[in-house]
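User: Could you walk me through how to read a few local features in a model like this one? I would like the general idea and then the case at hand.

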Amino acid sequence: MNSNLTPELNKTSYQQFRKTSQFLMPVSLNNNIEQDEYNIYPVCSLGGGKIFNGYHSLAQYIIEKQTVIIDGYVGVLWNTIKTSLSEYFIADGLTVNWVETSAYLKSQHEIEALVEPFLGARDAVWGTKCTLSLHDLFELDKLTVQSPNKTVDINIVMGSGATLSNWDAPIIYIDLPKNELQFRMRAGAITNLGAAQADEPLYMYKRFYFVDWVLLNNHKKQVLDQISVIADGQWPDDINWMYKTDFTDGLSRLGQSVIRVRPWFEPGAWGGHWIREHIKNINKDVVNYAWSFELIVPENGLVFESDGYLLEVSFDFLMFNNQQQVLGIHAQKFGYEFPIRFDFLDTYDGGNLSIQCHPSLKYIQDNFGETITQDETYYILDCKDTAEVYLGFQENIQPEEFKSVLEASQRENKEVEITNYVQAHAAKKHDLFLIPNGTVHSAGANNLVLEISATPYIFTFKMYDWLRLDLDGNPRPINIEHAFNNLNFDRKGEKVPVELISKQEVIRQGEGWQLVHVPTHQEHFYDVHRIEFDKEIIIETHNQCHIMMLVEGSAITIKTANGTEQTFAYAETFVVPAAAQSYTLINLGKNRAKVIKAFLK
C-alpha cells in the first residue's frame, strides 16, 4: 500500500482531532492487493484527470470564480479550511470577504428549544427523527441580506447551510464520512449544529442521528442539482475535490454496475479476534473488533479514485441521484432509504452479545420516527465448535418472573442464569437464525456473524448484558421497559427451532452449480439465496437489487451486462443494483464458491 499518509502519521499527529484506533484513509493510494485479499479501501475508478488534490488547486478554482458558496456537512473543520485557503489568497495579494454561516445560526438556547422535542429525556438512548428543516436553525433574514462585497477580490459564504444565503454563485460542497465525524466527536473536536461546545459522545451521537444528520441529509438532497464541486473533508491538512459532472457520472456508473462501500471497524465490550486476524491493513493494535460496518449505508461511504487520489462521499448521494437504478421495482416503496444492511458481529474468542430484542414496526414508527423496523437474521460465516446463538424463550417462560429477575440483576448487579429463560442453540457455518422484531436473542461467543438485516441499526433493547462495562469502564444502557413493550412471548418452546432457524433447500441446480433457498421469516421483507458453483454462473436481476458476499471460496470475479468487471475476495460485501440487468459470477478458487444473495421479496 503506497500512500502519502502513513498509518504512523494517522496514529500520532491526528490524535488531537480524532479519537480512534482506526487509520485515516489516505489521500492517495496505489491499491495493489492480491485478488483474494480483503480490501479495506474499495474504489470506483473514474479514469485520469477527474480528482484534484490540495488547497492550492481549490483556491485557484475559487480565484477564477471570484464568488463562491462553500456548503457542507456537520463536523467539517471549517476554520482549518478557511485558514488553508487563505494562505493562497494572501500569497496572491487578494482581499477576501468571508461570510460564515455559524454567525447566523439562532442562539444555542433557541436551537436547543427547537430540537429538544426530538431528543427524548437526557438519559434516554433514543430520540425521534426530526421533522424540522435546516433553515429553521438560522436567522434567515440576517443571512440572506448578506451579499458579495464589490470592493474586494473574492467573496465566500462558508459553512453548513451556506446555500441558504441564496447567492448566485457556484456551490462547493464538502462532505465528511460518518466514521470520521464520530472519531472527531469522541475527541471533542467538533460540536453539534449550533452548539457552543462538545458534549458527551453518547448525547452528541443521539443529536447527530435524530436531528443533525436528518436536517443535513435533506439539505444535501435539495442542493445536489445546484452543486458545482464536491470535496472530501476528512483530512485535516489536505483536500481532494472533483467537478459535479464527473461526480454524477461516477454515481451513474455505480448505479448500473457493482457497488462496494468502504467498510469500517469498531471494538466493543464483547468483541473478538476474527476480524483482526483475517483482514489485512487494519490496525492490529486494538483490544478487539466487535463490528465491521460492511454495508450500513447511513454510515458508510463510496470512494472514487482518479490518478491515485481518493474522494469519499456518503452513500446518500447515490440514493438521491440514482435511486431508481439501485432499487428498481422497489424504488417507490423504499424511497431514498436503502433497505438492507450487512455487518459483522465478531465474538471469536470474545463474549456474548447482550440479551436483547428490537421494536415492532408500529413501535419504531410511533416512538422513533423510523419507517421500517430492525428485523434481523444471523448468518454464521465462521464459528468454533462450542458456538451458540441465544434465540427464543423456554416453553415455561413466565414474563413477569423474567422481568423481575432482570430488574433485580440490574439493581443488585446480580448474575442471571439466562438459559433458564432463553434457549441456546448450537451454531454451525452457513446456519441462518431468524430474528423478526420482538424476538429475544443474542449471538454467543466464538461466532463470526454476518448480520443480514433491515437497515435500521441502533434500536437494540438490551435486557441483560452479563454485568459487564463498556470499553471506557461505564455501564452499558439496559432498556427493560422498551424490551417488554415489544417482546413476543409466543416464540418459545418447540416452535423456536422450527420457525426461527432457516430450513435450507436446493431449489434449482445444474451441472456444476446449485441454488439454495435460505428462507427468512414471513415477517422479513427480504429473502436470502446461496449461489453455489464450481466455475461460473449467470444471474438476472429482474429489476431487483442484490446484496451479496462470498461466504466460501477465495475470490470471484463479477461481470455485469455493461462490461464492468470487478473481483471480490472472501467476506467482502458488494451490491448489484437493479439496473445492472444481469451479471456473471466467475469462481477464481480451486473449490466450489458459495455466494450469499439477499434481496427484497
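User: Let us begin with a loop: between which strands does H430 lie?

Analyst: H430 sits in the loop that runs between β17 (422–426) and β18 (432–435). Helices (H or I, at least four residues) and strands (E, at least two) are DSSP runs, numbered from the N terminus. Please keep in mind that this is a predicted model: local features need pLDDT of at least 70, side-chain atom pairs count only at pLDDT 80 or more, and totals for chains, interfaces and linings use all residues. Residues are numbered from 1 along each chain as its sequence is written, and side-chain values use heavy atoms, with hydrogens and water left out.

User: What is the phi of H430?

Analyst: Most residues other than glycine have a negative phi. H430, which is not a glycine, has a positive value near 75°. Q581 is another non-glycine residue with a positive phi, about 70°, and its place is the loop between β29 (573–576) and β30 (582–587).

User: Is Q581 buried or exposed?

Analyst: Buried means under 20% relative accessible area, exposed over 50%, and partly exposed in between (1.4 Å probe, protein chains only). Q581 counts as exposed because its relative accessibility is 54%. H430, in contrast, is buried, with a relative accessible area of 10%.

User: Which groups does the side chain of R18 reach?

Analyst: A polar contact is a pair of N or O atoms within 3.5 Å; within protein, one must be able to donate a hydrogen and the other to accept it, and residues adjacent in sequence count only if both atoms are side-chain atoms. The R18 side chain reaches the backbone oxygen of Q22 at 2.9 Å, and a polar contact of 2.7 Å joins it to the side chain of E180. R18 belongs to the loop between α1 (7–12) and β1 (44–45), and its relative accessibility is 3%, so R18 counts as buried.

User: How many disulfides are there?

Analyst: A disulfide is a covalent bond between the sulfur atoms of two cysteines. The cut-off used here is a pair of cysteine sulfur atoms within 2.5 Å, and by this rule the count is zero. C545, for example, is in no disulfide: its nearest cysteine sulfur, that of C44, is 16 Å away. C545 is buried at 4% relative accessibility.

User: How do helices α6 and α7 cross?

Analyst: Two packed helices are described by the angle between their axes and the distance between the axes. Axes are lines fitted to C-alpha atoms, for helices over the stretch in contact, and angles run from 0 to 180 degrees between N-to-C directions. The axes of α6 (residues 178–186) and α7 (residues 201–223) come within 11 Å and cross at roughly 140°. Angles under 35 degrees count as roughly parallel, over 145 as roughly antiparallel, 65 to 115 as roughly perpendicular and the rest as oblique, and α6 and α7 are therefore oblique to each other. Contact means heavy atoms within 4.5 Å; among the residues making it are L181 and M185 of α6 and Y205 and W213 of α7.

User: At what angle do α8 and α10 cross?

Analyst: The axes of α8 (residues 244–254) and α10 (residues 316–327) cross at roughly 45° and come within 9 Å. These two helices, α8 and α10, are therefore oblique to each other. F247 and L251 are among the α8 residues that meet α10, where the partners include F317 and L318.
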